[in-house]
Amino acid sequence: METQQITYREALNQALAEEMERDPLVFLMGEEVGAYNGAYKVSQGLLDRFGPMRVLDTPIAENGFTGLAVGAAMTGLRPVVEFMSFNFALVAMDQIVSNAAKTLYMSGGQFPLPMVMRGPGGPAARVAAQHSNSLESIFAYFPGLIVVAPSTPADAKGLLKSAIRSPGPVMMIENEILYGVSGAVPLGDHTVPIGKADVKKTGRDVTIVAHGRMSYMVLAAAGVFAREGIDIELVDPRTIKPLDIETIAASVRKTHRVVIVEEGHRFCGVGAEIADQIYSTCFDDLDAPIVRITHTENPLPYARNLEAASLPNVDQVVLAAKGVLYRA
Amino acid sequence: MASLLRMPSLSPTMESGVISGWRKQPGEHIDVGEVLAEIETDKAVMEWEMADEGYIRQLLVEPGQEVRVGTPIAVLGDSADEDISTLLAQARTGGAAARPDSAPARADGAPARPDSAPARADGAPARPDSAPAASTPPAPTPAAAAPAAPAQPAATSSRPPTTAAAHPAPVAPSRNGERVKISPYGRKLAVQRGLDWRALTGSGPGGRIVAHDVETAATAGTGAPAPGAAPGADFEDLPLNMMRKAIARKMTESKQTVPHFQATRKVRMERMLAAREALRQDYPDLKVTVNDLLIKVCAAALRLHPVVNSQFLGDRIRRFHAVDIAVAVSTDDGLITPVLRAADQKGLRRIAEEVRALAQKARERKLTPEEYQGGTFTLSNLGMFGVTEFNAIINTPQACILAVSAVVKEPVVEGDGLAVGQTMNLTLSSDHRVVDGVAAAQFLDTLARLIQNPVALLL
């Protein structure tokens with residue numbers, strides 16, 4: 001298959017451009033997405049190409065413009081809402097939870113909402129507590145919302161296209177650190193199915209489940225595991241909800257031990273749900289309890305060293321892998 | 001209304017059983033008294049007769065799978081087509097009190113979730129010790145499979161059903177009264193390899209037995225090649241059947257807990273052999289073996305030496321009034337000891353007939369619990385294989401076991417000269433908590449007198 005080597009940011013840009021080209025009902029809205037070409041340049045060139053009716057600069061009013069998007073979707077338009085960072089989506093929680101998540105159900109199926117809400121989420125680089133929230137589990141908590149979290153340029157492009165085409169509503173949580181990462185992306189109309197995990201690396205010894213930047217971190221450290229004599233199998237859920245437990249379970253039945261790595265907090269984190277589903281499906285195949293590595297129980301500090309100490313790192317994952325292999 | 005059929009307890013000591021064959025298939029009707037399945041216990045294969053009638057709706061357990069007493073193994077319905085999904089969900093969670101008509105929103109007796117301490121590297125969650133008859137699997141019990149939420153396009157997340165039904169419910173483990181910990185996968189491996197994992201040492205935290213320990217034990221147990229042996233050295237792993245497991249457990253327990261001592265007495269067999277020959281001549285249809293004669297002799301001797309016909313019960317000694325002699329019988333699957341009841345009150349003809357019948361049943365694995373349980377004394381004879389002397393292991397909780405050897409022609413001393421005699425060795429293994437050396441010697445002396453002068457049995 002022919003591929004292109006592009007960044008995560010460029011992959012998102014291509015997805016937006018291709019979908020807006022394909023379907024005139026698709027439009028983009030958010031802070032600085034138009035004239036400024038995007039706070040992170042994800043929407044570079046789109047205003048010039050598609051004009052102000054398709055690329056809308058909004059005021060700093062998340063609750064307002066998210067509500068606007070809900071209304072637009074109710075009429076049949078297909079809005080893509082960009083949150084400059086997902087932390088600002090918290091301002092729009094009422095629109096997201098009360099309207100976006102529940103309108104299809106409460107209208108008796110009359111108003112599907114084919115909308116995508118996307119943006120960078122999770123910790124970046126010293127942006128401190130209020131700008132580093134991982135909100136996957138908050139959104140996944142509510143029935144009616146689809147939550148995806150791509151970790152590679154190929155997954156980013158493929159999932160965004162699938163999200164825009166889906167009946168919605170979809171929360172797509174990207175990562176600012178990953179925007180600059182390059183990777184191979186298939187040419188042409190490349191889509192990735194929602195609800196399907198991906199085994200990023202096959203192995204025999206231990207299953208590592210990680211999404212977003214954590215998946216990237218573990219994959220990039222494959223050499224470290226190899227030197228420790230641990231043949232990891234990395235499963236990236238890609239879609240948080242609906243979770244592809246089948247792919248994860250197949251891996252667990254092979255390795256018999258699991259380490260779940262997440263940037264978010266421990267209590268009620270995504271890993272808690274994944275662990276519960278693994279215990280339900282694979283209890284007799286586990287040789288050790290599931291180990292989770294998460295953000296520590298504190299708001300993320302600003303200081304570089306404290307930030308690093310609060311977040312998962314490769315050494316912790318290696319130690320956890322050894323633990324479940326009883327090699328510690 | 002449908003109900004769950006559970007693995008029955010077919011004997012007081014039965015903890016688990018294996019369905020060796022289903023006699024009915026799903027969809028078939030079954031009447032009261034009809035046999036649903038053959039169940040293999042540690043002692044015998046028994047037929048399981050139905051107490052109810054109805055339609056077999058589903059079989060939950062494969063033949064060959066070992067299943068704890070009380071575990072759901074089949075679904076019996078009033079009709080051939082009523083909905084049994086609720087019941088199946090209950091069976092998967094092993095609900096302790098089967099209420100077929102209650103919604104499976106919560107598995108009965110589901111224990112509270114353990115505290116979630118961060119970075120917990122060990123510590124299987126606390127689980128209630130399960131009594132032999134209960135069937136609640138240990139925590140965490142997965143919630144019963146709930147139907148998917150009303151479907152939303154691309155947004156449903158239905159909980160997948162548990163796989164508990166596919167695996168036998170676990171046996172409550174204990175070693176010296178302490179709970180033995182094993183990982184779920186380790187247990188599964190052990191079952192697959194036919195290992196009694198309760199005997200393994202665990203290398204995991206808190207002594208947890210993990211897959212590695214099971215694998216090591218599996219290879220070690222079958223004589224893995226020593227280091228340096230040629231690669232590809234041949235061996236074969238044999239899974240343990242129920243009888244072999246029971247023998248392993250009982251013999252180990254006997255040797256580990258009972259202070260054995262042995263005493264041997266050599267006896268002259270000429271008169272006994274002559275007596276048997278005389279009987280055979282006058283009663284050609286009567287088939288009596290030396291063993292039958294020995295049973296008669298032992299029964300008489302036990303009456304005279306009640307100390308040997310006793311049992312150590314921890315804080316007291318039980319002296320039996322009945323003389324029930326267990327006779328060791330070798331079968332293809334292993335050793336079993338059917339019991340000849342009231343041996344002291346039976347004539348030789350009856351003894352011979354009953355022993356023959358019991359041995360036959362033993363070989364066909366058709367002994368009933370009443371036929372192999374109990375017994376106050378055991379007789380074991382390896383004479384037919386040429387063994388000249390051996391020490392038998394006491395059949396707990398009995399106090400003694402008599403090992404009988406082959407009759408051999410050998411030089412004997414008579415007076416001050418040599419003659420050719422026919423001798424046999426009797427070796428009595430005794431529990432020293434009940435039987436002291438002198439008591440054993442005196443019992444052997446009585447046996448010797450009766451054997452060497454069988455007419456004395458008339459006394």
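This is a predicted model: local features need pLDDT of at least 70, side-chain atom pairs count only at pLDDT 80 or more; totals for chains, interfaces and linings use all residues.
Q: What makes Cys282(A) buried or exposed?
A: Its relative accessibility is 0%. Buried means under 20%, so Cys282(A) counts as buried.

Q: And what about Cys298(B), buried or exposed?
A: Here the value is 1%. That is under the 20% cut-off, so Cys298(B) counts as buried.

Q: Why is the contact between Asp155(A) and Arg238(A) called a salt bridge?
A: Look at the distance from N to O: it is 2.9 Å. The cut-off is 4 Å between a side-chain nitrogen of Lys or Arg and a carboxyl oxygen of Asp or Glu, so this pair qualifies. Asp155(A) sits in helix H7 (residues 153-165) of chain A, while Arg238(A) is in the loop between strands S11 and S12 of chain A, and the two are 83 residues apart. Both Asp155(A) and Arg238(A) are buried.

Q: How do you know that Asp205(A) and Arg327(A) form a salt bridge?
A: Their closest N and O atoms are 3.8 Å apart, and that is within the 4 Å limit. This pair links distant parts of the chain, 122 residues apart. Asp205(A) is in the loop between strands S9 and S10 of chain A, and Arg327(A) is in the segment after helix H13 of chain A.

Q: What does the salt bridge between Glu371(B) and Lys361(B) tie together?
A: The side chains meet at 2.8 Å, N to O. Glu371(B) lies in helix H8 and Lys361(B) in helix H7 of chain B, so the bridge joins parts that are 10 residues apart in sequence. Lys361(B) is at 29% relative accessibility, so it counts as partly exposed.

Q: Which residues do salt bridges with shared partners join into one network?
A: Seven names come up: Glu18(A), Glu19(A), Arg22(A), Lys157(A), Lys161(A), Arg165(A) and Asp189(A). Over all chains, the structure holds 45 salt bridges.

Q: What makes S5 and S7 the edge strands of the open sheet in chain B?
A: The sheet's four strands run in the order S5-S4-S2-S7, with antiparallel pairing. Strand S5 (45-49) and strand S7 (66-68) of chain B each pair on one side only, and that puts them at the edges. From one strand to the next, the twist averages 45 degrees.

Q: How do you know that S2(B) and S7(B) pair?
A: At least two bridges are needed, and these strands have three, in the antiparallel sense. Val18(B), for instance, stands opposite Glu66(B) in S7(B). Helix H4 (residues 242-257) of chain B lies across S2, S4 and S7 of chain B, at about 165 degrees to S2(B).

Q: How many of chain A's residues are buried, as a percentage?
A: Of its 328 residues, 61% are buried. Chain A has 13 helices and 14 strands. It exposes about 12,400 Å², with carbon and sulfur atoms supplying 58% of that.

Conventions:
Residues are numbered from 1 along each chain as its sequence is written. Chains are lettered from A and ligands numbered from 1 in the order in which they are written. Side-chain values use heavy atoms; hydrogens and water are left out. Axes are lines fitted to C-alpha atoms, for helices over the stretch in contact, and angles run from 0 to 180 degrees between N-to-C directions. Contact means heavy atoms within 4.5 Å. Buried means under 20% relative accessible area, exposed over 50%, partly exposed in between (1.4 Å probe, protein chains only). Accessible areas come from the Shrake-Rupley method with a 1.4 Å probe; for residues, only the protein chains shown count as cover.
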